[in-house]
Amino acid sequence: MKKMYLKIEGINKSFTNDQNEKVKVLDNISMEIEKGSFVSIVGPSGCGKSTLLDVIAGLEKADSGFISVSGKKINKPGPDRVVVFQEDGLFPWLTVLDNVMYGLHLKKISKIDAEKKAKEILKMVHLSQYIHSYPHQLSGGMKQRVAIARALVMEPDILLMDEPFSALDEQTKMMLHNELLDIWKETKVTIFFVTHDIREAVKLSEKIVVLATRPGKIKEIITVPAMKDSMMPNSVTLKMERKILTILQTEIDKVWKEEMGDEYSFQTNYIHRSDSNHLGNDI
Amino acid sequence: MTSRLSGLPDFMFPSLTQVFSTLFNGLIDGQITKAIIISFKRILIGFSIAVILGFILGYLIWRFTFVEDTLGFLVTAFQSIPSIVWFPLAIIWFGLNDFAILFIVTIGATWTMTMSATSGFKNVPELYQRVAKTLGSSGFHFIKTVIIPASIPQILSGLRISWAFAWRALMAGELLGAGGGLGQLLENGRALGQMDLVISVMIIIAVIGTMMDRVVFVRLERSVQTKWGINQAT
Ligand SMILES: Nc1ncnc2c1ncn2[C@@H]1O[C@H](COP(=O)(O)OP(=O)(O)OP(=O)(O)O)[C@@H](O)[C@H]1O
Ligand SMILES: [Mg+2]
């Protein structure tokens, strides 16, 4: 047995909505994640993916249950679990370099070492030429790379990513996928990756956790064949994608029915917007 | 010039040349210059206190709900009182002296500063706060490196408006009060029937007001906007 590293144990979480009713968002979520693995969470919009990530990050408190990292329970944010959000969240008043060095100032590292480290990481994401630029001078993809650099420079045990690429165009996304896989292999950081893009999940991760919705609970955990180094044959990925989509479809139907009531009459495959493989038409 | 043509008396409408020569001489011989220095000293002290108070009150209102529920409302009420209205009270408390004037200058700027600091802090994007927290920031470091810098644009426009309020309060206070300054010089001009002096001082007041606004505050705002890449509306 491999050693379990990030442990999520019986997490329950409710929010109070506008009508002052308690809405259960996470229902008894438990899972264990190995050190150095790449795990994706997929699920319909609003199923609680971000909430689960926030709980692991320590940004939200669970109603019950606990999170532990190598046996130690966590209860507040910490630089051992850094988050990359959907929007880059770079500080506009700092240069690229200062943004990346932000977290390092809080560690007991000398200024010179911090700068050296930051520059190394920026080189890794191919942004060496832009270290003195301000965020607004960069493209969306570049900004997100800075955000990733800012997280990586902390040398976190766990990198939490909440739809980090969903605001980017397809090309930039593909490029960053490859960059992220390289970084993951190089740093051996444990990655917890939230997405609603099934293809992305299959391409990147070793394990995919499918969440059911209202309340969010684990519906299935799927292991992706370990063929990361060579390009996986198209048929294998397609099969995986289809399998996950089938699992998800019932959940998505549930959401749409709830939200649209009787108006809900058609089914479309809106998960893959730019799909060349006509995936899902036969579902 | 105009007064000559219309035949109005000199002591009511002095000629332009007369005004400019008084203005020039006043700057040279030190009468006006001295008044400017006195006024500036007062506004710098009063304004600085107001800014510090505004930051502290703004922080408390932002940070604690019960302060917001109580003080937040009072600040809005106080802000709607023209600061010169405080003058009678100030005279009773401090006497007719520098303190009374400083008091109304400070009070003229404090509430506006408080309100803009509060809304600046409140409008700091949640995302920046979450990012900073996950990178390990908290407490004073968090305030210093996220909350304050992120609210700079709003605070700058607050500073600008507060300065304008302080400047108005100062002139009113000096006019009614004692101890020199531009406002006092204005009152002297009136008492001595020196309309040329009165108008000279008015010009100085307008020039200083405009310069502070255009040269100092607008420039500061612009440079922040350029650095941050905020679209310039004006
Ligand atoms: N602070 C909050 N207060 C009240 N309700 C909340 C809060 N945060 C999230 N929710 C609710 O919890 C549910 C789950 O939200 P969450 O953001 O975790 O979903 P998600 O799976 O990340 O969705 P998406 O794919 O759209 O990002 C939603 O119904 C949302 O309205
Ligand atoms: Mg989300």
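**The interface of chain B with chain A**

Modeller: Chain B and chain A bury about 2000 Å² between them, 71% of which comes from carbon and sulfur atoms; buried area is the accessible area (1.4 Å probe) that two parts lose on being put together, summed over both. R130(B), T134(B) and L135(B) supply 35% of the area that chain B buries against chain A, more than any other three residues. This is a predicted model, in which local features need pLDDT of at least 70 and side-chain atom pairs count only at pLDDT 80 or more, while totals for chains, interfaces and linings use all residues. Residues are numbered from 1 along each chain as its sequence is written, chains are lettered from A in the order in which they are written, and side-chain values use heavy atoms, without hydrogens and water.

In terms of contact (heavy atoms within 4.5 Å), 19 residues of chain B meet 23 residues of chain A. The count between the two chains is one salt bridge, a term for a side-chain nitrogen of Lys or Arg within 4 Å of a carboxyl oxygen of Asp or Glu. R130(B) forms a salt bridge with D54(A), with the closest N and O atoms 2.9 Å apart.

Helices α7 (126-134), α8 (139-150) and α11 (195-228) of chain B each supply at least two residues of the side that touches chain A; helices here are DSSP runs (H or I, at least four residues), numbered from the N terminus. The most comes from α7(B), with seven residues.
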